[in-house]
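Trainee: I would like to learn how to read a few local features from coordinates. Please take them one at a time.

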Amino acid sequence: EHAHENRDLYLSLLRDPDRGMAVFKKLQGVLAEVATSELTDAGYERDAVETAVAFFVGAQWAVLAWWLERKPNLRVDFVHGHFERLARPVLASLAH
């Protein structure tokens, strides 16, 4: 919802190759740190967690950019729900 509510800001960041990438890299780093910590604390093996987190964070930003640039009229709950369904197998793979 935050991204959709701030669509103009996100689009301007996506289109600014220097400042936009710096902001997105910082946000990705914060998301990755939080997710890695939570999954590692839950007992998952660190290398597997880091791989899964890299996948999630990259995929999340790719979907966000696609949504805001190409399909901004899709509902937030649809995009979020579909991303979660696509991501479940990756999370399930951590249990192996």
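Trainee: Does Phe56 count as buried or exposed, and at what relative accessibility?

Mentor: Buried means under 20% relative accessible area, exposed over 50%, and partly exposed in between, with a 1.4 Å probe and protein chains only. Phe56 has 17% relative accessibility, so Phe56 counts as buried. Phe55, at 45%, is partly exposed. This is a predicted model, in which local features need pLDDT of at least 70, side-chain atom pairs count only at pLDDT 80 or more, and totals for chains, interfaces and linings use all residues. Residues are numbered from 1 along each chain as its sequence is written, and side-chain values use heavy atoms, with hydrogens and water left out.

Trainee: How many aromatic pairs does a search of the whole structure find?

Mentor: A pair of aromatic rings is described by the distance of the centres and the angle of the planes. Rings of Phe, Tyr and Trp (its six-membered ring) pair if their centres lie within 6.5 Å; planes under 30 degrees apart are stacked, over 60 edge-to-face, the rest tilted. The search finds 1 pair. The ring centres of Phe55 and Phe56 are 6.1 Å apart and the planes are at 65°, so this pair is edge-to-face.

Trainee: Which residues does Thr36 touch, not counting residues up to four places away in sequence?

Mentor: Contact means heavy atoms within 4.5 Å. Thr36 touches Arg46, Val49, Glu50 and Val53, with that exclusion. Thr36 is itself buried, at 10% relative accessibility.
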